[in-house]
Protein chains: 2
Amino acid sequence: MTPRGKQTVRDLRRSSRSTLLRHLYFNGPLSRQELGAATGLSAGSVSNVTGELITDGLIEECGSVESDGGRPRILLRVTPGQAHLVGIDIGETQVRVTLFDLALTELASADQPLETAHDPERVVGMIATGLTEVLASAGVSADSVLGVGLGVPGIVEQGTSADPGADVVVHGQTFGWDAVPLGRLLREHTALPLYVDNGAKTLGQAEMWFGAGRGSRHAVVALFGSGVGACVIADGVRFRGATSSAGEWGHTKVHVGGRRCRCGSRGCLEAYVGAEALVERWDGTRPGTSEKAGLAALLRAAEAGQPSAVALLDEAAELLGASIADLVNLFNPERIVIGGWAGLLLGPRLLPAVREAATSYALTYPRSRTTIELSHLGPDAVTLGAATLPLTHFLDSGGELPDHIAVTAAVG
Amino acid sequence: MTPRGKQTVRDLRRSSRSTLLRHLYFNGPLSRQELGAATGLSAGSVSNVTGELITDGLIEECGSVESDGGRPRILLRVTPGQAHLVGIDIGETQVRVTLFDLALTELASADQPLETAHDPERVVGMIATGLTEVLASAGVSADSVLGVGLGVPGIVEQGTSADPGADVVVHGQTFGWDAVPLGRLLREHTALPLYVDNGAKTLGQAEMWFGAGRGSRHAVVALFGSGVGACVIADGVRFRGATSSAGEWGHTKVHVGGRRCRCGSRGCLEAYVGAEALVERWDGTRPGTSEKAGLAALLRAAEAGQPSAVALLDEAAELLGASIADLVNLFNPERIVIGGWAGLLLGPRLLPAVREAATSYALTYPRSRTTIELSHLGPDAVTLGAATLPLTHFLDSGGELPDHIAVTAAVG
DNA sequence: GGCGCTTACTTCACGGCGAGATTTAACGTC
DNA sequence: GACGTTAAATCTCGCCGTGAAGTAAGCGCC
């Protein structure tokens, strides 16, 4: 049970570097003094390790705080432009490539529309051109890119080799991708480290870092769009399960044996409250209207008091609340965040009823320890969340730079 | 995000001790040689650390293996009688206290029947007498007991102080316990370290260590008794959630708005397939028959071909399968183990239909990576699982002995 | 029965680590 | 300009795991 890898004395230093780098990253500029107090490291070690990080060019001094009678504190921060990150969103309708600096400030972005055919080779080609485009437009060298994070539709089978990103295989039933060796295809175009995860999961990551999930260690980000998905965070880390496919909430049953779902099963949540299902149930798949327009029309009709629209949304709220109650019972999170474009659209109207339904369907104790909130982030955050994948690796490793990065270390 | 505690160079040694102790515990007697190869530690470190563990009396040499031409290997093993563990099961009908040695061999056991009134003070009194009884009958001193693990009915709120076991509060709705400060009550009778968890979770632990879950790192142990519960193991560790109540599977919905459940909600799985519900639905709560006898009668009727019994069990299998499909989608385990007394009773008949239903209701990819199996362990294993709680702590800490234990170290 | 061979284990020097004490640096105040 | 105060750098110390060298304990072979 739970064998832990051996540790050498070197791992200690990595751990210290990671702790300091991480704390500095999330808690803004800090003096060595505060850093030591916050992390529990001794002043000597902080001085030692920060010195090393400065030599590596990963952090830098940035001004000082005047004191009342003593030596002023020198503030430290992560060097924002020292390295860069790329986030990519492979969505239903477009491929979006965004370049960020280390502080996750957007530097450049490139969108390319995606027609109905999602030929993997073509998509990979679009990624490659998008990549060179954003680097060129921001004037950034590929040598300074820590890694490329991708959010893709479908289930992601992670690799296990020394270059796991290149082994990734994607199973996207609704996207028309069946066991696509995305990692291998991408590796032919770029040597950068690759990190791939499901788009809903990367959106969830963004929500945890910068959105409504910030500050909680146990959360579920429920994503409500054309389909329904979820990203589960346990103890600050995404819950992946055995093969990284955990959190497929949309195909959880609300009525066993009920409505047929596009996944082939029956009674799935998604078959009742997914945007596609809602629009279809309301106007019987009136062709020509987009899903987004259809959902907006449904909402307007309900606001205007049209009985069938009101009933449909009321039922959706109850089912959503009941299914959120399942999440509460099973995962016992501190917080549930409802996001996704449909969630953002319907949220303000549905939220009170959803909260109420969740309360009546969940067990009292865990429900009392959970809040249900709306997301603040739009679907654009998929690229942001994707960029957190290489960034997480960077912070975890204590600021280890991939081989290809030429260290532009501060001399002295 | 994910701040990790600081580490000093001393923690390295603890980690090494833990790795070695753990490996020795689970992989039987081993030579230092094999130990080094398996854990990645250098021969020097293995020699050093094992020497320390032998001095502490935690492990001992036990014979040697003849070689073909070289110095024979000396086998090491954990000293089984060096320390003891107590597991306690607070069940619906009895309180069971069992004493184990370090190898989890049962040394003594004491049962005490529990009437309908579950007054906490009385239960605690029974635990205290049971404790002294098993120690006396096995001739073991309380000084050698590493800790006491308890499996209790209801949700367990873990403590956070320096003595977390003494802060435990239990919320057992169906048991008639409302915020019972079990830890504090027990602390008045014993100074031994206390570890408390839900009984279903401790049974799940036993299943993972010694039952059908052995060898898997991601599993769900589904427990099917009078009620329905689950124990989720992620990456070898029990998934607890924010307040330790994760895995309340029984009150997951299978028909939103359906049958009323004893939890107060509607449409819960437990209201359809819990033993209590099944018996009630079959014979309309014929008074006087026990649940166990009632379920056995239902099974016999179905075997004899009585249509209503067959239909009831067929429906139960489908609902169970569909709900297991939810677990597959959400947790993505390698293995699902069905246990509990009702699971053991009905399992052989229901399993094929359950597997089939799970396949048709779950997503293809995660389902293809999961096996669904029956448990081998009976409900007696609750005490065994409870005893693993202090044992886990012991192994994690690298063999740290609680203050009260007088070290009977080998001299020399 | 001495010799060499093989294998298991022990010992030891080494570089690296973080803690804690000490020293140096950089400010205010009087 | 001396002094107190606070921040940061430096130094010593005890401890760690590695890896090389050394020791122990068996074998077979002449």
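What percentage of the 412 residues of chain A count as buried? The figure is 50%, in a model that is predicted.

## Confidence of the model

Chain A has an average pLDDT of 90, and 95% of its residues score at least 70. Among the elements of chain A, strand β4 (residues 84–90) has the highest mean pLDDT, at 97. Helix α8 (residues 275–283) of chain A has the lowest, at 87.

## Architecture of chain A

The secondary structure of chain A consists of 13 helices and 16 strands. Along the principal axes, the C-alpha atoms of chain A occupy a box of roughly 75 × 50 × 45 Å. A compact globule of 412 residues would have a radius of gyration near 22 Å, so the 23 Å of chain A agrees with that expectation.

Of the contacts in chain A with a separation of 6 or more, 62% link residues 24 or more positions apart.

## Relation between the two copies

Two copies of a chain are related by a rotation about an axis and a shift along it. Here, chain A is superposed on chain B by a rotation of 180° with 0.0 Å of shift along the axis, at an RMSD of 0.0 Å. The two copies are therefore related as by a two-fold rotation axis. In chain A, His255(A) has the C-alpha nearest the axis, at 2.2 Å from it.

## Interface between chains A and B

Chain A contributes 57 residues to the contact and chain B contributes 58 residues. On the side of chain A that touches chain B, the elements giving two or more residues are α1 (9–26), α10 (307–331), α11 (341–361) and α12 (364–368) of chain A. The most is given by α1(A), with eight residues.

By residue class, this side of chain A comprises 26 nonpolar, 22 polar and nine charged residues. Because 100% of the interface residues of chain A are also interface residues in chain B, the copies meet through the same surface.

## Surroundings of DNA strand D

DNA strand D is surrounded by 33 residues, of which the closest are Gln33(A), Gly44(A), Gly70(A), Arg71(A) and Gly44(B). The surface near DNA strand D divides into 17 polar, eight nonpolar and eight charged residues.

Both protein chains supply elements to this surface. From chain A, α2 (32–39), α3 (43–55) and β3 (73–78) each supply at least two residues. From chain B, α1 (9–26) and α3 (43–55) each supply at least two residues.

Conventions: Residues are numbered from 1 along each chain as its sequence is written. Chains are lettered from A and ligands numbered from 1 in the order in which they are written. This is a predicted model: local features need pLDDT of at least 70, side-chain atom pairs count only at pLDDT 80 or more; totals for chains, interfaces and linings use all residues. Two residues are in contact if their C-beta atoms, placed from the backbone, lie within 7 Å. Helices (H or I, at least four residues) and strands (E, at least two) are DSSP runs, numbered from the N terminus. Ala, Val, Leu, Ile, Met, Phe, Trp, Tyr, Cys and Pro count as nonpolar, Asp, Glu, Lys and Arg as charged, and the others, Gly among them, as polar. The radius of gyration is taken over C-alpha atoms; the globule rule is 2.2 Å times the number of residues to the power 0.38. A residue is buried if 20 or more other C-beta atoms lie within 10 Å of its own, exposed if 12 or fewer, and partly exposed in between; C-beta atoms are placed from the backbone. A residue is near a molecule or strand if its C-beta atom, placed from the backbone, lies within 6 Å of it. pLDDT is the predictor's confidence in each residue, from 0 to 100. Copies are superposed by least squares on the C-alpha atoms of residues with pLDDT of at least 70 in both.
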